[in-house]
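Please study the sequence and the structure before reading each solution.

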Amino acid sequence: MPNRRPKLSPPPSDADARRAVKPVICYPPETLPTPQGLGPATPTGSITTHIAPPREAATFLAKAGQTIRITSIDGPQVGDLNLWNVQDLSERFFSGKTRALHGTHVTTGDILWSNLPHLRPMATVTYDSLDWYGIDAYGGAVHDVIGTRCDPYTNALLNAGDQYHHCCHSNLTRALADHTGLPLHEAETHIHDVLNVFMCTGFTHDTGQYFMKASPVRPGDRLEFRAEIDLLGALSACPGGDCGAEHSSDTTPCYPLQIEIFDTDHTATHQPPDPNAYTRNHGR
Ligand SMILES: [Zn+2]
């Protein structure tokens, strides 16, 4: 691979000492809300089912306190997830702060946070059938909040203007436009960085580059999360399939993803999260 990052600056005499400084965790999680009700969810009533077809997205609604279950069916498949406050689309999932608070990948017990100025729990991961995977020898793990979503702009940038219309960004845009009635280009502005459900990714140890590898997900695997507020969601079955080879094309085997929404014992007594405590005075 050509070296795109030449080192132009000689190391100082104390370079080794500077590198040896021990890291500290930026955001110790001890004061975050303690996740409740973890474990596989048991539906107590009817189940609403949606299917995200291969290389397409589906939207879904979930009331605060309901469980959302995303299941791999038919074959290994990665999904790109967006979440909004159903009453206010400007409040949406904040993958960057979720990453900073919990880590590069989310699993059982982690919270999915909303963007500033809201910054409150949108959903809590209550069960992850892949939480056995951990972090592999390459530094890879499952359900990442580091990749943004595959999109046609990056594809055009890297591939001489190639026009591909079934990247997750476009799939989510069409699904949100269909759900809301918004014009396509307005719906597009609400699409945001995703939770990459079932995707196995990391950063290379030597160059720090974002990598993906074939997901360990198999049919029957599922990720469950509880809606903390009333949610509108959209899930795209990524054109990358299991993301073991490439995305932004129609060459990879691709499978549907199933989304189920249902009540549990928790739903009737659910307490929505408090608004964020910051005054928004910004010092004035
Ligand atoms: Zn994708």
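**Exercise 1.** Which residues in helix α2 (residues 95–102) are buried? State what covers them.

*Solution.* This is a predicted model, in which local features need pLDDT of at least 70, side-chain atom pairs count only at pLDDT 80 or more, and totals for chains, interfaces and linings use all residues. Residues are numbered from 1 along each chain as its sequence is written.

Step 1. A residue is buried if 20 or more other C-beta atoms lie within 10 Å of its own, exposed if 12 or fewer, and partly exposed in between, with C-beta atoms placed from the backbone. Helices (H or I, at least four residues) and strands (E, at least two) are DSSP runs, numbered from the N terminus.

Step 2. The buried residues of α2 are Ser95, Thr98 and His102. They lie on the same side of α2, because they cover an arc of only 60 degrees around the axis; the arc is that of the directions from the helix axis to the C-beta atoms.

Step 3. The cover over these buried residues includes β6 and β9 (195–203). After α2 comes Gly103, with a positive phi near 130 degrees.

**Exercise 2.** Determine the order of the strands in the open sheet of six strands, and describe the pairing of β13.

*Solution.* Step 1. Two strands pair if DSSP finds at least two bridges between them. The order is β1-β13-β3-β11-β7-β6, and the pairing is antiparallel. At the edges are β1 (48–52) and β6 (111–113), each of which pairs on one side only.

Step 1. β13 is joined to β1 by five bridges, and β13 pairs with β3 over six bridges. Leu257 in β13 stands opposite Ala52 and also opposite Ser72.

Step 2. Strand β3 (residues 67–72) also pairs with β11 (residues 222–227), over five bridges in the antiparallel sense. There, Ile68 stands opposite Phe225 in β11.

Step 3. The two faces of β13 can now be compared. Leu257, Ile259 and Ile261 form the covered face, whereas Gln258, Glu260 and Phe262 form the uncovered one.

**Exercise 3.** How many residues has the largest nonpolar core, and which of them have the most contacts inside it?

*Solution.* Step 1. A nonpolar core is a set of buried Ala, Val, Leu, Ile, Met, Phe, Trp, Tyr and Cys residues joined through C-beta atoms within 7 Å.

Step 1. The largest such core has 55 residues, and those with the most contacts inside it are Leu112, Leu231, Leu235 and Ile259.

Step 2. Two residues are in contact if their C-beta atoms, placed from the backbone, lie within 7 Å. Not counting residues up to four places away in sequence, Leu112 touches Leu83, Phe93, Thr98, Met122, Ala123, Leu195 and Phe225.

**Exercise 4.** Is Ala277 buried or exposed?

*Solution.* Step 1. Ala277 is found in the segment after β13 (257–262).

Step 1. Ala277 is exposed, because it has 7 other C-beta atoms within 10 Å.
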